[in-house]
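Take them in any order, with the view open beside you.

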Amino acid sequence: TVLRRVAAFEEREGVTVFDRGPHGYSVLPDRLRLIEAAREVAAAMRGVDGLLRGGGAVPPPLVRITSTDTLCQTVLPEVIAEIAAEPGAPALELHCANTHTDLGRLHADITVRPAVRMPADLVATQCAALGFGAYARRGARCEALPWLGLAGPLAQSVAAEWLAQEGAMPAPLGRADSFPVLAGMAAAGTGRAVLPCIIGDGDPRLARILPRPVVSVPLWVASHADLAAVPRLDALRRRLARGLAARS
């Protein structure tokens, strides 16, 4: 029924809104503003309905934020808690994923990502830098421990580049695709690990084995270019950037 109505709408209006792929329907990038406008209309209709039914509170619009497990398990919950306590705050949904989410397909509205550079189709604000240090289990003879390797998306990270430049050969059975998991492995004595400082410095089980961060990468807050000017997304993006910069 839904697909028939979508097809009828597109035929009646003479436009194509969705791409029909093998995994289902997704919004075409040049129709993102149309979907956002429809969301605004739907929110206004819910508001009118609430007033007609006795002045019930209008539910705030939902904004989906995607970020890495490192940020989702450290600073982002604090920033989101601050935003949620402010008057007129939107409803926030946090997606934790180390793989890049396609903002052009409306899989999320805002992304918070560490990256050397951001894709050209995003409007991004650099708000801080994410530093990385070298860590091992507190009290361990770190020179006897192998380096833990980075797998999956982390294999392309600046931490992996530093390990390669240093000629550090990771242990064959000591790899992970998550920095929080690597921290747990290092704390268990499996090996040394390059970790974000917001993870390593805050873990009492670990000690930094080099005095300074070994490398850093810019931290960005971004939206798709076609939605960057939407007032509620622009305001939230700026608020997230301020909250993260305050913890830089």
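**Notes on the predicted model**

1. Let's begin with the surface. The protein exposes about 13300 Å², and carbon and sulfur atoms supply 57% of it (accessible areas come from the Shrake-Rupley method with a 1.4 Å probe; for residues, only the protein chains shown count as cover). Please keep in mind that this is a predicted model, where local features need pLDDT of at least 70 and side-chain atom pairs count only at pLDDT 80 or more, while totals for chains, interfaces and linings use all residues. Residues are numbered from 1 along each chain as its sequence is written, and side-chain values use heavy atoms, with hydrogens and water left out.

2. Now the overall build. You will find eight helices and eleven strands (DSSP runs numbered from the N terminus: helices are H or I of at least four residues, strands E of at least two). Along the principal axes, the C-alpha atoms fill a box of roughly 70 × 40 × 30 Å. Of the 248 residues, 42% count as buried (under 20% relative accessible area; exposed is over 50%, partly exposed in between, with a 1.4 Å probe and protein chains only). Among contacts (heavy atoms within 4.5 Å) between residues at least 6 apart in sequence, 73% join residues at least 24 apart.

3. Helix 2 deserves a look. In helix 2, Leu32, Ile35, Glu36, Gly47 and Gly50 are buried. Seen down the axis of helix 2, these buried residues fall within an arc of 125°, so they line one face (the arc is that of the directions from the helix axis to the C-beta atoms). Their cover includes strand 1 (18–21), strand 2 (24–27), strand 11 (215–224) and helix 8 (231–245). Turned away from the buried side are the exposed residues Arg33, Met45, Leu51 and Leu52. Just after helix 2, glycine 54 has a positive phi of about 120°.

4. Which kinds of ring pairing turn up? There are two aromatic pairs (rings of Phe, Tyr and Trp, the last by its six-membered ring, with centres within 6.5 Å; planes under 30 degrees apart are stacked, over 60 edge-to-face, the rest tilted). Tryptophan 147 and tryptophan 162 form an edge-to-face pair, 5.7 Å centre to centre with 70° between the planes. Tryptophan 147 lies in strand 7 and tryptophan 162 in helix 5, so the pair ties together parts 15 residues apart in sequence. Both tryptophan 147 and tryptophan 162 are buried.

5. Finally, visit serine 216 in strand 11. At 45% relative accessibility, serine 216 counts as partly exposed. Not counting residues up to four places away in sequence, serine 216 touches Leu130 and Gly131.
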